[in-house]
Amino acid sequence: MDTEYDIGLGNNDTLTRKKANQDYVKFWEGEANNLYWFEKWDKTLDWNPPFARWFVNGKINASYNALDVTVQRNGHKNAILWEGENNKRRVLTYHELLNYVCKVANTLKSLGVKKGDRVTIYLPMIPELIVSLLACSRIGAIHTVIFSGFSSQSIRDRVIDSKSKVIITADGGFRRGEIVKLKQVIDEAVSDLDFVENVLVYEHAKIPMLMGKKDKRWGDLINNAHEFCEPEKVDSTHPLYILYTSGTTGKPKGVLHGTGGYLVHLYSTFKWIFDIKESDIYFCTADIGWVTGHSYIVYGPLMHGATQVMYEGALTYPTPARIWELVERYKITILYTTPTALRMFMKYGDLLPTSKDLSSLRLLGTVGEPINPRVWKWYFQIIGKEKCPIIDTWWQTETGGAMISPIPGLETIPLKPGSATRQLPGINVGVVDEYGKELPPETKGYLVVKDPWPGMLLSLWGDDEKYKSVYWSKYKTMYYPGDYAIMDNDGYFWMLGRADDVLKVAGHRLGTAEIESGFVSHKLIAEAAVCGIPHEVKGESIIAFVVLKEGAIQSEQLEDELIQHIRKVVGPIATPDKLYVVSKLPKTRSGKIMRRLLKAVANNEKIGDVSTLEDEAAVDDVRAALNELNQTMQQNKIK
Ligand code: WTA
């Protein structure tokens, strides 16, 4: 294990952990009192495994806690300091944000959106994105945000699954100086879906658009809407949002989060992890299309009345120093980013960050993938000048909020580069073997969560059975996140990556099956298999093997077409770094592709005796396919 870093920054509250260890339900009940409830709950936790319902019969509103609470205290406080790639800037105070949210909420109502209805949001990183989420929660509608790096087919699948009545989008967004035409993607995805009644379009890029019957211009409706909207008093267990995330099947899973428990989890963890103070300027570089944005851009910081920077575009554009210019310009005190972003910043050398004034920084966070110790140390030394703790937060879309992380807001413990340290108060995690038996320290196993926690997903949208089978069938009484981990002798957790077929490409979660079914939807592809290989910046990159249909002829042009196809149906984030056309894939006798073997070949690992790896394998076929793959790999065709 690596050297420890004890920089002694943080509080020394030992009581909170003690209370949490004594009775986690009572502990979370105490935390819930930090929020504003219209009516108090009568049961803190209803645990009907594997379904947890927190603060039952409590009445609450997410947007009220995120906005009105701060407006009553100090409405002039800045909520969002927004900046675009082209130096365009906007500032919104809490008061302005509340008014804006109310106008959009009233507009949604006028379009017939009611409590429990779903609204799909496909917007760039602009204040209207935050406003749209909060407008939904104001009226009890369920928001479902789709990351703007997904394309039409992915959007279509998600909109069909959630049966969204209204879509909120923009004409376009900016990325590396280019305009991404979002409305056009939405048109392709949903124009023939009858249940989609309205498409509300914000004119951000100011480009010409085709306006269809369902399309409404944001400005036309919102400018005339009323500035006050009574918050809907929803049950604590009322769904707040659906967020689709990739799993091990081709169909993305609609992770469903509730309101009260989720908000309590975020309120407390945001306070513990970031030790948030009135004067802080916070910047989370995530996109709101992912859970980090939902939890630690929208709900967590706003419930604390924090001021935050929001940036649209690439953090290395128009110059690779952009991120450090932002830190200097806004005097950012807390930066929350990803290992992929850090590896990218590192590649540009130390001169860029060291030539900027980064002295305002006091806490540095990371999320989404394991952080290599080398990157951790660079973050600590070059960015934090050895004064800022590195807060490595482990969690998932399903957990709602952080589960394992240093918590300077509560306690000071030595940090170890590459470890997310310990579980948070009120959270009970462990490392177990295949059979669920607790493993001794320093042994690699599966991470599990042993007790329910407030941010826990309610279920998967419309599919309780799948919820049970994905998370609660490997171990009947423990939640299975799908990650490998080790706990060391000091009780620190070291996260070792996914134990399933989920990839983390640039911190983005992508299921291999989703990309494979994207390939197979091409008319010339019979079969496809994808796997991840290590990548210097992105952590992992995608490599694809495809088998063509009878009669199809391999050519460079076809390979390019296949890459374009996957970009179009899944999205640019699913673009493989390498694509190989092969004549067959290694499979078991029952026809399952042996992705483990593919991965071994792709990563140049020793395969050993295939007959012992998979009993059912058609060994000869596998060998033949592997030989062919090996040969193809050696030709090293890089796409
Ligand atoms: C991985 C992102 C190591 C992990 C918030 C998890 C991490 C998956 C860390 C969830 C971390 C997240 N260290 N690995 N600090 N944080 N992961 O749903 O594999 O996009 O299961 O949520 O990211 O990804 P998701």
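F519 is in contact (heavy atoms within 4.5 Å) with I525, A528, V530, A544, V546, L562, H565, I566, P576 and L579, leaving aside its neighbours within four places in sequence. This is a predicted model, where local features need pLDDT of at least 70 and side-chain atom pairs count only at pLDDT 80 or more, while totals for chains, interfaces and linings use all residues. Residues are numbered from 1 along each chain as its sequence is written, and side-chain values use heavy atoms, with hydrogens and water left out.

**Cores and domains**

- F519 and Y299 have the most contacts inside the largest nonpolar core, which has 154 residues. A nonpolar core here is a set of buried Ala, Val, Leu, Ile, Met, Phe, Trp, Tyr and Cys residues joined through side-chain atoms within 4.5 Å; buried is under 20% relative accessible area, exposed is over 50%, and partly exposed is in between, with a 1.4 Å probe and protein chains only.
- This core lies between domain 1 (14-430) and domain 2 (502-635), because both give residues to it.
- Apart from that one, there's another core of 32 residues, with L315, L326, I371 and Y379 among them.

**Cavities**

- Searching the whole structure turns up four cavities of 30 Å³ or more. A cavity is a set of points on a 1 Å grid, over the protein atoms alone, where a 1.4 Å probe fits but cannot get out, and lining residues have an atom within 4 Å of a point. Points are joined across faces, edges and corners, and the volume is the space filled by probe spheres set on them.
- The largest cavity holds about 90 Å³. Of its 13 lining residues, L9, P389, T412, I413 and L415 lie nearest the centre.
- By class, that lining has 10 nonpolar, two polar and one charged residues. Ala, Val, Leu, Ile, Met, Phe, Trp, Tyr, Cys and Pro count as nonpolar, Asp, Glu, Lys and Arg as charged, and the others, Gly among them, as polar.
- The second largest cavity comes in at about 70 Å³. Its lining has six nonpolar, six polar and one charged residues, and β2 (51-56) and α9 (260-274) each supply at least two residues.

**Buried spots**

- P406 is buried at 4% relative accessible area, and you'll find P406 in the loop between β20 (390-393) and β21 (429-432). Helices (H or I, at least four residues) and strands (E, at least two) are DSSP runs, numbered from the N terminus.
- Leaving aside neighbours within four places in sequence, P406 is in contact with I273, I390, I391, D392, L415, A420 and T421.
- E31 sits in helix α2 (residues 24-32) and counts as buried at 11% relative accessibility. Beyond its neighbours within four places in sequence, E31 is in contact with V264, S268, K271 and W272.

- The peptide bond from P49 to P50 is cis, with omega near 0°, and another cis bond joins Y317 and P318, with omega about 0°.
- N87 isn't a glycine but has a positive phi of about 70°; N87 is partly exposed at 41%.
- D275, also not a glycine, has phi near 45° and is buried at 13%, in the loop between α9 and β16 (281-284).

Definitions and conventions: Domain bounds come from an automatic or database domain assignment. On a 1 Å grid over the protein atoms alone, a cavity is a set of points where a 1.4 Å probe fits but cannot get out, and a pocket is an open set with protein on both sides within 12 Å along at least five of seven lines; lining residues have an atom within 4 Å of a point.
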